Amino acid sequence: MKLKLIVACVDFSAITSKVLEWAGEEAKRFGARVELVHVVEESMPRLAQELLDLHTLYDSLREVTQKRLGDLASEMEKTFAVEVSTRILKGEPFDAILDHVEATKPDLVVLGAHGKKGVKRILLGSVSEKVVRKSLVNVVIVKY
Ligand SMILES: Nc1ncnc2c1ncn2[C@@H]1O[C@H](COP(=O)(O)OP(=O)(O)OP(=O)(O)O)[C@@H](O)[C@H]1O
Ligand SMILES: [Mg+2]
């Protein structure tokens with residue numbers, strides 16, 4: 001088996017380090033490169049939109065996200081000696097991830113079983129559940 005590109009989905013929740021560990025180990029083993037993907041959800045209650053300067057907010061959010069993803073990428077490059085790039089997407093996380101997977105055709109997608117909501121009693125979060133159900137490429141779900 002040959003893996004060239006592994007997409008790791010990052011939501012900055014506690015499971016992120018496990019997702020990156022898995023993606024990094026596999027990338028090292030197969031000589032693949034890794035792309036860290038984060039989807040910024042640009043949804044906001046209607047009235048909050050009137051209160052906030054959304055352009056400024058989203059610009060800052062994008063900047064902070066880029067910085068945080070970049071830090072994670074450098075750390076992985078050092079730890080696993082693999083090439084790591086980053087990508088910020090916009091929209092509904094599962095949709096954006098699936099569109100991106102279709103467009104870039106990675107060999108593997110890695111997600112956490114849960115994320116920010118971290119509900120342990122259900123099997124999978126809604127993003128990982130939809131991605132694993134609809135993705136045309138192989139998916140690894142990291143449980144802990
Ligand atoms: N915005 C996002 N960008 C990139 N990856 C994400 C994003 N949201 C979720 N993921 C990926 O999906 C995994 C599971 O998160 P998911 O959102 O499905 O669970 P949850 O937050 O516990 O539940 P919920 O369905 O309520 O959001 C995360 O570990 C991460 O790999
Ligand atoms: Mg979530």
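Helix H4 buries Pro93, Phe94, Ala96, Ile97 and Val101. Seen down the helix axis, these buried residues fall within an arc of 165°, so they line one face of H4. The model is predicted.

**Helix H4**
- H4 covers residues 93-104, twelve residues in total.
- Its first and last C-alpha atoms are 16 Å apart, close to the 16 Å expected at 1.5 Å a residue.
- The buried residues of H4 pack against E1, E2, strand E3 (84-90), E4 and H5.
- Glu102 and Ala103 are exposed, on the face turned away from the buried side of H4.
- Lys105 follows H4 and has a positive phi, near 45°.

**Helix H1**
- H1 runs over residues 16-30 and has 15 residues.
- At 1.5 Å a residue H1 should span 21 Å, and its end C-alpha atoms are 21 Å apart, which agrees.
- Buried in H1 are Thr16, Val19, Leu20, Ala23, Gly24, Glu26 and Ala27.
- Their cover includes strand E1 (5-9), E2, helix H3 (54-80), E4 and strand E5 (139-142).
- Just after H1, Gly31 takes a positive phi of about 65°.

**Around ligand 1**
- The shell around ligand 1 holds 22 residues, of which Gly112, Gly115, Gly125, Ser126 and Val127 come nearest.
- Strand E2 (33-40), strand E4 (108-112) and helix H5 (126-134) are the elements that each give two or more residues to this shell.
- By class, the shell has ten nonpolar, nine polar and three charged residues.

Conventions: Residues numbered from 1 in each chain as written. Chains lettered and ligands numbered in written order. Predicted model: local features only at pLDDT ≥ 70, side-chain atom pairs only at ≥ 80, totals over all residues. Near = placed C-beta within 6 Å. Helix = DSSP H or I, 4+ residues; strand = E, 2+ residues; numbered from the N terminus. Nonpolar A, V, L, I, M, F, W, Y, C, P; charged D, E, K, R; others polar. Expected span 1.5 Å × (residues − 1). Buried ≥ 20, exposed ≤ 12 C-beta atoms within 10 Å, placed from the backbone. Contact = placed C-beta atoms within 7 Å. Arc of directions from axis to C-beta.
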